[in-house]
Amino acid sequence: MDSVTRGIVVYLFLLVVVRFSGRRTLAEITAFDFVLLLIIAETTQQALLGDDFSLVNAAILVLTLFVTDIALSYLKQWSPRTATLIDGTPTVLISLGKADNEALTRARVSLDDVLEAAREQHGLERLDQIKFAVLEIGGNISIIPR
């Protein structure tokens, strides 16, 4: 039972940390982010397994993590408020060619990131060619050209 409790607590803790680290963290993984993930994985391993490194304990833990993830996905489907709390909402960064500096700062996204997405998705070169730029829940930037 200890492994199940540890698994749920660590899962929920990591979910909260990732949620508050920002959506851009999920979309673009840099070398620094990769190293950070490796360190977090190593750090949480001890918290998850404790002193029991048996195969049965590992299997119980993996099962606990999958069941917790599936339960949360059902909870998000059942309760839109929970889905918003866990996943957040899309953020409009550019509206009718004008940047929302507050939204950009809050989302830790630069205009260069928006223009890069505009070039990649539609070959746009200037801000005034963008009708809307939206930071999606998954961390990607969607561009709607004028």
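**Entry 1: R146.** I looked up what R146 touches in this predicted model and, leaving out residues up to four places away in sequence, I noted L96, G97, D128, Q129, I130 and K131, where contact stands for heavy atoms within 4.5 Å. R146 lies in the segment after β4 (141–145); helices (H or I, at least four residues) and strands (E, at least two) are DSSP runs, numbered from the N terminus. I recorded R146 as exposed because its relative accessibility is 59%, given that buried means under 20% relative accessible area, exposed over 50% and partly exposed in between (1.4 Å probe, protein chains only). I also checked R146 against I8, 138 residues apart along the chain, and found their C-alpha atoms separated by 46 Å.

**Entry 2: conventions.** I number residues from 1 along each chain as its sequence is written, and side-chain values use heavy atoms, without hydrogens and water. Since the model is predicted, local features need pLDDT of at least 70 and side-chain atom pairs count only at pLDDT 80 or more, while totals for chains, interfaces and linings use all residues.

**Entry 3: α4 and α5.** I then turned to helix α4 (residues 55–78) and helix α5 (residues 80–87), which pack at an angle of about 125° with their axes 5 Å apart; the axes are lines fitted to C-alpha atoms, for helices over the stretch in contact, and angles run from 0 to 180 degrees between N-to-C directions. The two helices are therefore oblique to each other, as angles under 35 degrees count as roughly parallel, over 145 as roughly antiparallel, 65 to 115 as roughly perpendicular and the rest as oblique. I listed L72, L75, K76 and W78 on the α4 side of the contact, and P80, T82, A83, I86 and D87 on the α5 side.

**Entry 4: T44.** I placed T44 in helix α3 and noted that T44 is buried, with a relative accessible area of 15%. Apart from its neighbours within four places in sequence, T44 is in contact with V10 and L14.
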